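Work through the exercises below with the model in view. Try each task before reading its solution.

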Amino acid sequence: MTSTPHPDGNARYTHCPKCGMALGLEVRGERERLVCRACRFVFLYNPNVGVAAILVEDGAVLLTRRGGSFRPGLWDLPGGFVEYDEDLRDALVREMREETGLDVELGRVFEVRSNFFPERHSVGVWFLARRVGGTLAAGDDAIEARFFPLDALPPDDEMAFETDRAVLAMFRTEGLDAS
Ligand SMILES: [Zn+2]
């Protein structure tokens with residue numbers, strides 16, 4: 001698997017989030033880090049963690065169509081970002097309830113990948129999930145929630161994320177027994 005590393009995140013921030021003074025670059029170990037000139041805070045610029053669910057019933061996988069401002073109108077696997085004070089499994093259970101109306105139980109991690117978006121680098125964790133309650137209804141920043149047969153997914157140009165497409169391709173070939 002090849003991927004394109006993200007442009008250097010250190011160019012993106014100029015001021016200390018703690019005290020508001022200027023950040024400068026200093027070599028720490030093998031890397032240049034952003035360090036506050038005034039309070040010496042080291043600003044570690046790390047990827048965001050995202051979680052997504054692979055929920056399959058009768059050979060069809062649940063997808064959501066994105067509202068909001070980031071890639072609206074395109075389909076993705078339901079999920080979202082993990083809040084700083086939240087366990088990542090709790091985050092996905094919450095996102096599923098918000099976006100699809102379903103209560104889910106999570107199974108094992110199916111795949112973990114970097115998403116090198118132009119806007120940010122996120123690390124995605126794809127879990128297998130099973131419905132345990134609720135009623136299917138799109139909500140929050142999803143405008144539609146629908147099951148697609150695994151052999152009749154939306155065309156590539158209607159999928160929001162290359163990584164979702166790759167993970168679904170993996171799942172079609174190796175994951176059917178795992179759900
Ligand atoms: Zn500072």
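**Exercise 1: the metal site**

Task: decide which geometry the four donor atoms around the zinc ion adopt.

Solution. The four donor atoms subtend angles of 99 to 118° at the zinc ion, so the arrangement is tetrahedral. The cut-off used here asks that all angles lie between 85 and 135 degrees. For reference, the ideal angle for four tetrahedral donors is 109.5 degrees. Keep in mind that this model is predicted.

Next, name the donors. They are the SG atoms of Cys16, Cys19, Cys36 and Cys39, at 2.3 to 2.4 Å from the zinc ion. Then read their spacing in sequence: C-x2-C-x16-C-x2-C.

**Exercise 2: the aromatic rings**

Task: find how many aromatic pairs the whole structure holds, then classify the pair of Phe43 and Tyr45.

Solution. A search of the whole structure gives seven aromatic pairs. For Phe43 and Tyr45, the ring centres lie 6.4 Å apart and the planes meet at 80°, so this pair is edge-to-face. The angle cut-off for that class is over 60 degrees.

Ring pairs join Phe43 and Tyr45 with Tyr13 and Phe41 in a cluster.

Last, check accessibility. Phe43 has 17% relative accessibility, so Phe43 counts as buried. Tyr45 has 30%, so Tyr45 counts as partly exposed.

Terms used. Residues numbered from 1 in each chain as written. Predicted model: local features only at pLDDT ≥ 70, side-chain atom pairs only at ≥ 80, totals over all residues. Heavy atoms only, no water. Phe/Tyr/Trp six-rings, centres within 6.5 Å; stacked < 30°, edge-to-face > 60°. Buried < 20%, exposed > 50% of the residue type's maximum accessible area, 1.4 Å probe, protein only. Donors = N, O, S within 2.8 Å, 3.2 Å for Na, K, Ca; no water. Tetrahedral: all angles 85-135°; square planar, octahedral: opposite > 155°, others 65-115°.
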